[in-house]
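Let's take a walk through this structure together, one pair of side chains at a time. Keep the 3D view open as you read.

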Amino acid sequence: MNRKFIAKSNFVLRRVLNTEENVDILKEFIEVMLNLEIKEAKINPYLEKIKNHLPAEENFGIADLRIKTTENEERNVGIQIIDGEHVLTKMLLYYAQIHGNQLEYDDDREIAKTNTINILDFVLNKELDYHSKMVVGETMSNIIHDYLEIHILQLPKFKIEINKDMTLKQAWMSYLKGENIKEAIKKSKNIRKLDTLLEKYWNEEVME
């Protein structure tokens, strides 16, 4: 994984990205990973508001957003890096947190589908592709199926051929993995912006 993410990865990226000025970075990342076009993206303030009151096992995640696609579909999106043990439990807890937070917003919004994007720096399942998706089986109630979608990015399984043009998704995966970083930065102004923000963060970080 990119060395700039290693220490307290979710905490650092949450500090860097949870501002309106940097929603464009999150927007592009979500678009390429969920394969959709976003018309509007807004950071949900609830988790940031209660972060000091959450127990350690619930204080995770990089971002919690409400998006509207170009087809006017609204979704909630959560992004987190996962390490350690109980990975599947952490995925489900995070999904429940992001989806359940909709009940806390006092803005008359409709309850919408929730996507979570889980970034892993290890192989969870050898049978799955580097990007896989978990949904409720089609034989179950469509009511549940319409609400749950969990994406898993296994960084070690991502490979790219050198000397071939990168797609935007490959650029993001390369940057997350910490490979071909210069090429990834050239591919996307948002990756370049994120890299600059992380450099600034680590240069100004004060050890307590």
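**Bridges, a buried charge and paired rings**

Lys 193 and Asp 24 form a salt bridge, with their closest N and O atoms 3.2 Å apart (the term means a side-chain nitrogen of Lys or Arg within 4 Å of a carboxyl oxygen of Asp or Glu). Lys 193 sits in helix H8 (residues 189–204) and Asp 24 in helix H2, so this pair ties together parts that are 169 residues apart in sequence. Helices here are DSSP runs of H or I with at least four residues, numbered from the N terminus. This is a predicted model, in which local features need pLDDT of at least 70 and side-chain atom pairs count only at pLDDT 80 or more, while totals for chains, interfaces and linings use all residues. Residues are numbered from 1 along each chain as its sequence is written, and side-chain values use heavy atoms, leaving out hydrogens and water.

How many salt bridges are there by this rule? The count comes to 8. One of them joins Lys 27 to Glu 31, with the closest N and O atoms 3.3 Å apart. Both of these residues lie in helix H2, 4 residues apart, about one turn of the helix. Lys 68 and Glu 74 form another salt bridge, at 3.9 Å between the closest N and O atoms. Salt bridges with shared partners join Arg 66, Lys 68 and Glu 74 into one network.

Now look at Glu 28, which also has its place in helix H2 (residues 23–34). Glu 28 is buried yet has no salt bridge, and the nearest side chain of opposite charge, Lys 189, is 7.3 Å away. Buried means under 20% relative accessible area, exposed means over 50%, and partly exposed is in between (1.4 Å probe, protein chains only). For charge, Lys and Arg count as positive and Asp and Glu as negative, with His and the chain ends not counted. The side chain of Glu 28 does make polar contacts with the side chains of Ser 188 (2.5 Å) and Asn 190 (2.9 Å). A polar contact is a pair of N or O atoms within 3.5 Å; within protein, one must be able to donate a hydrogen and the other to accept it, and residues adjacent in sequence count only if both atoms are side-chain atoms.

Finally, turn to the rings. The whole structure holds 3 aromatic pairs. Phe 29 and Trp 172 form an edge-to-face pair, 5.3 Å centre to centre with 65 degrees between the planes. Rings of Phe, Tyr and Trp (its six-membered ring) pair if their centres lie within 6.5 Å; planes under 30 degrees apart count as stacked, over 60 as edge-to-face and the rest as tilted. At 6% relative accessibility, Phe 29 counts as buried, and Trp 172, at 2%, counts as buried too.

How values were computed. Helix = DSSP H or I, 4+ residues; strand = E, 2+ residues; numbered from the N terminus.
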